[in-house]
Amino acid sequence: MAVGVDIGGTGVKAALVDVAAGALRSDRVKVPTPAGGEPDAIRDAVVELVSRLDIDEDTPIGVTFPAIVRRGRTMSASNVSKAWIGLEAERLFEDALGRDIHFVNDADAAGFAEDHYGAARDASGLVIMTTLGTGIGGALIYDGVLIPNAELGHLELDGEAAEDRASNRAREREELSWEAWAQRLQRYYSHLEFLFSPDLFVVGGGVSKSSELFLPLLDLATPIVPAKLRNNAGIIGAAALARGL
């Protein structure tokens, strides 16, 4: 067993996870991300959620965050306060929780979970997971090994960051049809295919529930499939990484 905590721009959620099965073993508890996304407020929200779970003192805890994470520091900030940039965030949570944690980028945790328990469970070679949401998150997993902090949404395409044109937020903002959005996704995934030669694409984010409306419109040499673990992927991945899988 291990605890996974998934911090996002709109909500913070946590649960106890059976990492052998890749499944939740408690109800998922959740609170809104504090307005402004300041470090101390998010720290307190995480402590509150963990206190609601019936766990032992030595139960491992994994925590995800929507930022570049390097040696425990958050080196960027997405939909949270800029005070996170350069912060020793892992230490912030460890001091508050009174135990060591595993601290990881949120898309990396979700990709790791999909590779070990979800849509890429039987895949070998290079798996690229992308999350299509407010931006585009990315994760690279090679034969089960996570290569962290792949900021795939910030690749430049046609003079713009890819996520500014191809995220689900861009689709909603510009009121694009599925066909028009698929043309942008085609450009994006073809570029990833050229750069990385992956063996499988996994597409996550809330819009993956409607994958049948846009994935069949893409023409790629690489198989591309929707994620399976949905909103629990970050929690499950964080817990698995905390257990050292």
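A charge sits over a ring if NZ of Lys or CZ of Arg is within 6 Å of the ring centre and within 35 degrees of the ring normal. This is a predicted model, where local features need pLDDT of at least 70 and side-chain atom pairs count only at pLDDT 80 or more, while totals for chains, interfaces and linings use all residues. Numbering starts from 1 along each chain as its sequence is written, and side-chain values use heavy atoms, with hydrogens and water left out.

**Stop 1: Arg171.** Select Arg171 and find its charged end. That end sits over the ring of Trp181, 5.5 Å from the centre, and also over the ring of Trp178, 4.3 Å from the centre.

**Stop 2: α6.** Now pick residues 178-196, helix α6 (helices are DSSP runs of H or I with at least four residues, strands are runs of E with at least two, and both are numbered from the N terminus). α6 has 19 residues and spans 26 Å from first C-alpha to last, close to the expected 27 Å (1.5 Å times one less than the number of residues). Among its buried residues are Trp181, Arg184, Tyr188 and Glu193 (buried means under 20% relative accessible area, exposed over 50%, partly exposed in between, with a 1.4 Å probe and protein chains only). Just past the helix, check Ser197: its phi is positive, about 50°.

**Stop 3: α1.** Jump to residues 39-52, helix α1. Which of its residues are buried? Colour Pro39, Ile42, Ala45, Val46, Leu49 and Val50. Look down the axis: these buried residues fall within an arc of 130°, so they line one face of α1 (the arc is that of the directions from the helix axis to the C-beta atoms). Their cover includes β1, β2, β4, β5 and α2 (contact means heavy atoms within 4.5 Å).

**Stop 4: Thr33.** Step back into the loop between β4 and α1 for Thr33, which is buried at 11% relative accessible area. A polar atom of its side chain lies 2.8 Å from the backbone nitrogen of Gly11 (a polar contact is a pair of N or O atoms within 3.5 Å; within protein, one must be able to donate a hydrogen and the other to accept it, and residues adjacent in sequence count only if both atoms are side-chain atoms). Thr33 also touches Ile42, one of several contacts beyond four places away in sequence.

**Stop 5: Ser76.** Finish in the loop between β7 and α2, where you'll find Ser76. Its side chain reaches the backbone nitrogen of Ile68 at 2.9 Å.
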